[in-house]
Amino acid sequence: MDGSSPQNTKSPIPVVPTKAPDNDQHFLLYFIAGIYFGPTLKGKPAPKSALQRLAEELPPYTSDQLAGSLMKMVEVERIFYYVLRKADESLIMKMSLLHQFFQGKFPAQGRDISSPQFPDLFPLELHPHTRSKNWYRYIENLLFINNPEVYYLNPEDVERFKRLTGLDDFFLDRDAATSHNSSARKASLNVEATENRSNKEFSPLKDDQQHDLVTSPVRSVPYNGNLTPPHTNSDSNLLEKKFGPAMLFLPRQPSEEDWANLVAATNSGFALTGTAAMGHVGPIIGSMDIGECEDSYLFRVSLPGVKRDPCGFNCEVEKDGRVVIQGVTTTGERTVKKHSQVFEMVTHNLCPPGEFSLSFQLPGPVDPQHFLANFDIAGILEGVVMKDLQS
């Protein structure tokens, strides 16, 4: 396999120092990209991978021939790690290295010069990497080929691929590959932005951080107009004691500045506004877990009944570690219509329909450009963001 130096106009992705990849790792990256992915062309011709097109000496395609499809970056990542699910741990690279390969910035040290990089197969000017207005990242005009033709491959390369991956053939289950959860692997991964599940092992926060994160009480009641008297000097010692999960109800709607100060004062707490704060049995929306590893934070937030619509859902991470989630709930209607039946709801414990926001603070500063999230059908939003190690 011949290749040339990649042509790039984008600046390299900042990463933390890591062990230089070896030739086997680079071979696998290039081989997976070359045989399992191809361009999406107009007219729906038989899909051909990038390496198959090179082997058949097909003419280069132009932007006018591309169909304009979008493939989520998280799905591309999952396919790569699905192929490597049986490989030795020493071959599993950090996510930051995978993204360097995508951008043509793979470390030169230890690189097999016969194996070029992703932009050599899929030029960035024809397959740009874009981000939607919420948090999805895409590669344009890219097609996943789960049962590729391999007749043209060098037998030595085929044998090397099978030996390194532990696979007997090249067929991949499409659904399993695009939804692969690699979190069970012990291999360490550096996550960019992922909409994706990480191979890293995230440890729960320490006890002095954890108690503020579990903030879903068994039951709560709305504010009834009675304020609790302030503490006197005799019970000031209570201020030094830590207690379990709690909720704070305010007698009036605070200003944005007051609200921000309240959230900041909770250290590791979180804030709910809008319909998400109107459920009668605790904050059904907003239950969360937070973990961290050497260079990243992971968070999981329960969002039942929230629309998974890219136009109505948004998740942003700020440099100081503040996470803001905005969306629309669909539960809590007074009347529910199902087919030809109309149900009058007797109880109303879930959040009423409408807009909401949820915000919380990660333990430290982060790099928002390296944030990856995935909102699955079970109603769990999972995000991984790299720490800002320069701060």
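**Figure 1. Strands β8 and β9 form an antiparallel pair.** In this predicted model, strand β8 covers residues 288-292 and strand β9 covers residues 296-302. Five bridges join the two strands. The chain passes from β8 to β9 through a hairpin of three residues. As background, strands of a sheet pair through backbone hydrogen bonds, and the pairing may be parallel or antiparallel.

**Figure 2. Three strands make an open sheet in the order β2-β4-β3.** The pairing in this sheet is antiparallel. Strands β2 (70-72) and β3 (129-131) are the edge strands, each pairing on one side only. From one strand to the next, the twist averages 40°. Between β2 and strand β4 (residues 137-140) there are three bridges, again in the antiparallel sense. Leu-70 stands opposite Glu-140, a residue of β4.

**Figure 3. Helix α3 lies across strands β2, β3 and β4.** The helix is made up of residues 73-83. Its direction is at about 60° to that of β2.

**Figure 4. Helices α1 and α6 pack at an angle of about 110°.** Helix α1 spans residues 23-36 and helix α6 spans residues 155-165; their axes are 11 Å apart. Angles of 65 to 115 degrees count as roughly perpendicular, so α1 is roughly perpendicular to α6. The crossing of α1 past α6 is left-handed. On the α1 side, the contact is made by Asn-23, Asp-24, Phe-27, Leu-28, Phe-31, Ile-32 and Tyr-36. On the α6 side, Asp-157, Arg-160, Phe-161, Leu-164 and Thr-165 take part. Sorted by type, the residues of this contact between α1 and α6 are seven nonpolar, two polar and three charged.

**Figure 5. The rings of Phe-37 and Phe-80 form an aromatic pair.** A search of the whole structure finds 15 aromatic pairs. A pair of aromatic rings is described by the distance of the centres and the angle of the planes. For Phe-37 and Phe-80, the centres are 5.9 Å apart and the planes are at 15°. Planes under 30 degrees apart count as stacked, and therefore this pair is stacked. Phe-37 belongs to strand β1 (residues 37-39), while Phe-80 belongs to helix α3.

Methods:
Residues numbered from 1 in each chain as written. Predicted model: local features only at pLDDT ≥ 70, side-chain atom pairs only at ≥ 80, totals over all residues. Heavy atoms only, no water. Pairing = 2+ DSSP bridges. Helix = DSSP H or I, 4+ residues; strand = E, 2+ residues; numbered from the N terminus. Axes fitted to C-alpha atoms, helices over the stretch in contact; angles between N-to-C directions. Contact = heavy atoms within 4.5 Å. Parallel < 35°, antiparallel > 145°, perpendicular 65-115°, else oblique. Left-handed = near helix turned anticlockwise from the far one by under 90°. Nonpolar A, V, L, I, M, F, W, Y, C, P; charged D, E, K, R; others polar. Phe/Tyr/Trp six-rings, centres within 6.5 Å; stacked < 30°, edge-to-face > 60°.
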